[in-house]
Amino acid sequence: MTAVLAPSTPKPLGELRPRRVPEHWWGYLLLLPAVVLVLGLVLYPVGYSFWLSLHSKHAYMPIQNWVGLDNFIFFLTDYDGFWRSLWLGTIYAFGTVTLQVIVGVAAALVLNETFVGRGFIRGLTLFPYMLPTIVVVILMRWLFNDSIGVVKYLLESTVVTRAMVWFAPETIMLTMILVSTWTFFPFVVIGVLARLQTIDPELYAAAQIDGAGAFRRFVHITLPQIASVLFVVVLLRFMFMFTKFDTIWLFAGAGGLGSYVRTLPIYTFIKSFGELQVGMGAALAVIMFAMIAAFVTIYFRLFTRSEEM
Amino acid sequence: MFGYIAQRTAVYVSAGILLLMCGFPLYWMVLTSVKPDREIIQAIPTFFTWDAHLDAYQRLFTTTRFLTYFINSITVAGGATLLTILVAVLAAYAITRFRFRGREFVARTMLFTYMFAPIMIVVPFYIMMRSAGLVNSHLGLILSYTTFSLPFSMWMLRSFFQSIPLELEEAAMIDGASRPKAVALIVVPMALPGVIAVSIFTFIVAWNDYLFARVLIGADELKTLPVGIQDLYESTVTDWGMVMAAGVVVTIPALVFFVAVQRYLISGWGAGAIKG
């Protein structure tokens with residue numbers, strides 16, 4: 001760990017000049033702006049969040065009362081709010097991460113082959129990930145439009161016989177999962193493709209001589225080689241999707257249809273800035289943080305156990 | 001032979017699917033933005049138009065405040081980029097060139113902050129900014145985006161700085177250059193690919209952000225593009241041609257930066273690999 005994070009330390013330059021200020025003071029001084037920013041604008045807010053979660057506080061008005069664990073106790077029985085959001089958020093995160101990994105690995109395998117125009121298609125494949133969220137949202141709302149959208153037209157004039165509705169209570173979660181998959185699968189491609197390029201081609205040549213087909217080569221050579229990358233990618237993607245706010249909020253909105261994809265981040269935003277209960281919003285943030293910490297712990301346990309087998 | 005042809009066919013078909021999946025939506029956005037209105041709203045869409053024109057772009061810039069949002073976004077993203085480079089260069093220099101206690105601890109703690117998703121800190125962040133009087137100001141946004149990109153930027157620059165031989169700086173200083181001068185004339189130019197990568201990363205973070213811009217900015221004349229476009233989209237009967245035109249314009253800076261970063265990132269990593 002240390003060897004990776006702290007490569008050879010260059011020897012200090014200080015001896016070159018007559019010393020007025022001790023050398024290490026300069027180090028602290030130059031690091032100070034960065035530390036102040038991160039301390040003040042990330043770590044302090046996180047701590048403040050914990051403190052806020054124990055209060056009942058209005059977003060604008062100077063109303064602030066100590067309520068202890070009341071916010072958390074409230075969510076325990078908040079079936080239509082908290083528990084439903086947790087359920088929807090879990091479906092969303094699992095659904096889209098699964099699809100992202102399948103599509104991402106498949107795309108990486110294709111992009112690792114040689115073909116005419118590979119460089120161009122590699123660049124193009126990464127592009128959805130670079131698009132600003134607002135552009136993804138308006139573009140997808142247009143493509144999936146229920147009256148004159150081109151996706152509906154293409155599907156109904158080819159494979160689908162009955163009318164498609166993408167923006168309905170029953171289908172909005174599926175639409176949301178597909179849109180998120182389109183936007184975020186390039187993240188999987190970047191990681192997996194980089195790893196694929198380092199696999200020794202001789203492994204495949206040997207397997208081919210032994211008579212292994214494409215599928216067996218994938219299962220026995222490729223998969224074990226990319227397993228460690230997938231481990232990190234899945235972890236990060238799950239954390240990102242579980243806390244994803246802007247794509248869902250902009251795509252489905254707050255009320256009406258949005259309530260069918262109201263995941264925990266959306267619920268947090270509504271509580272904080274819709275109902276102006278920032279204490280409750282902070283409590284939800286704390287709960288999300290605890291869940292992610294628990295998820296990471298369990299995830300590492302499972303992974304190391306399967307390694308031992 | 002048959003196996004080879006089958007394999008080649010499979011590769012090209014899959015590549016074709018990727019091309020359609022990622023390219024078609026972009027093509028459709030550009031096409032819609034230049035189509036005449038009657039072609040946009042017809043039930044059977046046209047997949048090409050002979051009657052392309054830029055009316056939608058003209059409507060976008062003349063009948064809405066899009067230009068204001070655009071300038072605001074440039075201001076905020078540009079400001080955040082400059083500030084990030086300044087702070088990250090100082091920090092990375094401190095970490096690679098000076099020995100002091102807690103150096104590694106600080107570097108790792110910074111990376112640790114990526115554990116906290118934006119939605120988890122937006123509530124206390126808003127309250128703090130409110131009491132600091134930085135709500136409805138671009139400065140508040142610039143500070144937030146700088147903070148978000150700082151840990152990544154510092155680590156990126158740190159690895160670049162480590163690959164620059166100390167002898168070069170020493171030589172410059174023996175020749176009479178002051179240390180700030182040696183940093184500005186030798187260290188930063190040699191780490192240019194890293195500085196560019198960091199700038200692009202920060203610019204895109206700031207350019208794309210919706211959440212903090214939504215929460216911290218209320219005044220219409222101060223809104224950045226993501227918030228402005230959302231309001232544009234929701235306030236009227238959707239003028240798809242104009243909305244897609246907005247999408248194209250917002251994408252262009254991200255595209256330009258993306259193309260630039262790709263090349264520099266690869267060459268930067270390559271140089272790092274040679275160095276070991």
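Is H7(B) mostly covered or mostly uncovered, and how many of its residues are buried? In this predicted model, H7(B) is mostly covered, with 20 of its 25 residues buried.

**Helix H7 of chain B**
- Helix H7 of chain B comprises residues 138–162, 25 residues in total.
- From its first C-alpha to its last, helix H7 of chain B reaches 34 Å, which is close to the 36 Å expected at 1.5 Å a residue.
- A bend of about 45 degrees occurs in H7(B) at B:Leu150, and the proline B:Pro151 follows within four residues.

**Domains of chain B**
- The domain assignment divides chain B into domain 1 (2–41) and domain 2 (63–275).
- The C-alpha centres of domain 1 of chain B and domain 2 of chain B are 33 Å apart.
- Contact between these domains involves seven residues of domain 1 of chain B and six residues of domain 2 of chain B.
- On the domain 1 side, H1 and helix H2 (37–41) of chain B are the elements that give two or more residues, and H1(B) gives the most, with four residues.
- By class, that side of domain 1 of chain B has three nonpolar, two polar and two charged residues.

**Interface between chains A and B**
- In the contact between the chains, 76 residues of chain B meet 67 residues of chain A.
- Helix H1 (residues 2–34) of chain B gives the most to the chain B side, contributing twelve residues.
- The side of chain B that touches chain A has 55 nonpolar, 14 polar and seven charged residues.

Note on methods. Residues numbered from 1 in each chain as written. Chains lettered and ligands numbered in written order. Predicted model: local features only at pLDDT ≥ 70, side-chain atom pairs only at ≥ 80, totals over all residues. Contact = placed C-beta atoms within 7 Å. Nonpolar A, V, L, I, M, F, W, Y, C, P; charged D, E, K, R; others polar. Domains from an automatic or database assignment. Expected span 1.5 Å × (residues − 1). Bend = angle between axes of the 7 residues up to and from the residue. Buried ≥ 20, exposed ≤ 12 C-beta atoms within 10 Å, placed from the backbone.
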